[in-house]
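Reader: Before we look at individual features, could you take me through this model step by step, giving the general idea each time and then the case at hand?

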Amino acid sequence: MTDEKLAGALGVLRTARLNEAASARVREQLERAWQDRATPRRRISLPWFVPSIAVAVLFLAVGLATLRAGADSALYGARIAVEDALVALHTDLDDRLDYIRELYDERTEEAARLEAVGNALAAGRARAAQDDALRLLNATAPKAQEPSPSPTPETSSAPVVLPSPTPPAMTVAPTTVPARTPTVTPPPTAPPVTKPTPSPTPTTFVVTVRGGIVNPDGSLANDVCVSTAPVALAPLAPTALTTTGCFMTATGGSLTARIPARKGQTITLYFSRYDAATGKTFRGYATFTVTGPNVSLGVVRLGV
Amino acid sequence: MRAAKAGDASAFGQLYERYRDVMYRYCLARTGGAHDAEDLVADVFLRAMQALDRYEDRGLPFVAFLYRVARNAAVDRARRKRPDMSIEDLPTHPDSGQNVEAEAFRALERRALAAALSRMKEEYREVLLLRFVEGYPAADVGRMTGRSEGAVRTFQHRALGRLRTELEKAGELRTFDRWAGTEVAE
C-alpha cells in the first residue's frame with residue numbers, strides 16, 4: 001500500500017466523535033471543576049494584609065503559649081531558652097540581675113508547686129531550670145571587691161543561729177561572729193572549728209541563703225528586715241524595706257536571699273521586725289561561712 | 001479564549017464544544033480504546049481549565065495548546081496505568097443508518113488505525129493526526145510542533161512507513177485495500 005493510500009485511509013478517523021453520553025459526563029465534570037475553581041478565586045481576593053495578620057497572630061499565639069508553658073509542658077524547654085535569651089536584652093546590670101532573680105524565683109516556685117502535686121518529672125525540669133538561672137546569676141553578678149575577711153578570727157563553717165536580745169555592735173558586713181559569746185539555743189553541737197583559708201584571689205559568686213524566721217512565740221515572722229548590719233526600724237515604718245539598710249524583706253517565715261560572696265567568707269545577716277501591736281522591735285542574727293553556692297541557716301528565732 | 005481566561009464559563013463551554021472531537025480523536029489514537037479516550041478527554045479539558053491562567057497567546061491556535069496539554073495528560077495517565085490496548089470497546093458512530101455495510105467497514109478501519117497509532121511514537125502519531133485526520137497544512141503543523149515545514153514532511157513520510165509496518169504486523173493492512181487511488185493531503 002502506498003503512502004497516498006495510507007494517508008487517505010487515515011481520513012476515516014475523522015468520523016470518530018465523542019458520543020453524546022460521554023460528552024455530557026465530561027461537561028458535567030468541567031462544570032463542577034469550574035465552580036471549584038471559582039471558589040478559591042474569591043479567597044484570593046481577600047485583602048493582602050489578611051494572610052500577614054493571620055501569620056502574625058499565629059506566631060503570637062505560639063509565642064504566648066511558649067512563654068506560659070509549665071514545666072509539665074512540651075514547650076517548657078523553648079520557654080527556658082527564650083527566657084535565658086532575653087537576659088541579653090537587659091543592658092543595665094541591675095536590670096539584668098533583677099530579671100534573673102525573677103526567673104530564679106519563678107522557677108523555684110514552680111518546682112515547689114510541682115513537687116507539692118507529686119509531679120516529680122516536671123519538678124525535676126523546673127529544678128534544672130532553676131539551676132540554670134542560678135548559673136546565670138553567678139555569671140552576671142558583679143565581681144566587686146568586698147572587704148577582705150582577713151584578719152579573720154576563728155569561725156564556724158556551720159551556720160550559727162542566734163536569738164539576740166541585743167544586737168551586736170554595729171559593724172559593717174561582711175563580718176565575723178561578734179567577739180562576745182552568745183548563748184546558742186539549741187546549744188551548738190560543737191561544730192568543727194575551721195579557719196577559713198581563702199585563696200589569694202577568691203572568686204565572687206552569688207550565694208543563696210535559705211532559712212526560716214520565727215517570732216519569739218514560734219509563729220512565722222512577717223515583714224522581717226534582712227540586712228548585713230543592724231538597723232533601727234522606725235515605729236511608723238513596719239515594713240523593713242522602708243528602712244535604710246535592709247536589702248530585702250522576708251515574709252511568711254521564709255528567707256531566701258542571694259548575696260555576692262567569696263568562698264570562705266564569713267557573713268552575718270541581721271533580722272529585725274517592728275511589731276506595731278506591741279511597739280517592740282524583735283531582732284536576731286545568724287552568722288555563717290560561705291562554703292558553696294547554697295547555705296542553709298536553719299530557723300532563726302527573733303528575740304526582743 | 002480571552003473570555004474563558006477572564007472567568008467566562010460559557011466561553012470555556014464553547015471551546016469544549018469546538019475541540020472535543022479533535023481531542024477525542026487524538027485520545028483515541030493515543031489510547032487505542034474508546035473508554036480510555038473518553039476519560040482522557042475529560043482529563044485534558046480539566047487540565048486546560050486549570051492551566052487557563054498560565055495560557056499565553058503566542059500566535060498559535062488554541063488547539064496547539066490543547067495538544068500540548070493532551071500529550072502531558074496522556075503521559076501521566078500512561079505512568080499511572082498501563083494503557084489498555086484492547087480495542088474491543090471502540091464504538092462505531094454511524095454517519096448514516098442507510099449504509100450499514102459501509103459503516104461496518106469504517107468501524108473496522110477505525111479500530112485498526114487507532115490500535116496501530118497507539119503503538120507508535122508520539123511524534124509520528126501527532127504528525128499523522130494533524131496532517132491527515134485534522135487536515136492542517138504542513139506549515140501549520142510545523143508551527144504547532146516547533147518544526148520546519150520540510151521537517152514535517154520528512155516526519156510524515158517516516159510516520160506513514162511506520163504505520164504501514166504496524167498494520168502489517170497486526171495483519172490489518174488488507175483492510176485498507178479499498179483506498180487504492182486516494183489522493184494524499186497536501
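Author: Let us begin with a pair of residues in a sheet, where A:Thr208 stands opposite A:Arg258 in β7(A). This is a predicted model, in which local features need pLDDT of at least 70 and side-chain atom pairs count only at pLDDT 80 or more, while totals for chains, interfaces and linings use all residues. Residues are numbered from 1 along each chain as its sequence is written, chains are lettered from A and ligands numbered from 1 in the order in which they are written, and side-chain values use heavy atoms, with hydrogens and water left out.

Reader: How many bridges join strand β4 of chain A to β7(A)?

Author: Two strands pair if DSSP finds at least two bridges between them, the strands (E, at least two residues) and helices (H or I, at least four) being DSSP runs numbered from the N terminus. Here 9 bridges join β4 (residues 204-214) of chain A to β7(A), and the two run antiparallel. Helix α6 (residues 120-140) of chain A packs on the sheet and touches β4 and β7 of chain A, its direction making about 125° with that of β4(A); contact means heavy atoms within 4.5 Å, and angles run from 0 to 180 degrees between N-to-C directions, with axes fitted to C-alpha atoms, for helices over the stretch in contact.

Reader: How is a pair of aromatic rings described?

Author: Such a pair is described by the distance of the centres and the angle of the planes. Rings of Phe, Tyr and Trp (its six-membered ring) pair if their centres lie within 6.5 Å, and planes under 30 degrees apart count as stacked, over 60 as edge-to-face and the rest as tilted. By this rule the count comes to 7 aromatic pairs over all chains. The rings of B:Phe62 and B:Phe65 have centres 5.4 Å apart and planes at 40°, so this pair is tilted. Both residues lie in helix α4 (residues 62-80) of chain B, 3 residues apart, about one turn of the helix.

Reader: Are B:Phe62 and B:Phe65 buried or exposed?

Author: Buried means under 20% relative accessible area, exposed over 50%, and partly exposed in between (1.4 Å probe, protein chains only). B:Phe62 counts as buried because its relative accessibility is 8%, and B:Phe65 is buried with a relative accessible area of 6%. The rings of B:Tyr124 and B:Phe155, with centres 5.6 Å apart and planes at 70°, form an edge-to-face pair. That pair links distant parts of the chain, B:Tyr124 being in helix α6 (residues 122-133) of chain B and B:Phe155 in helix α8 (residues 149-169) of chain B, 31 residues apart.
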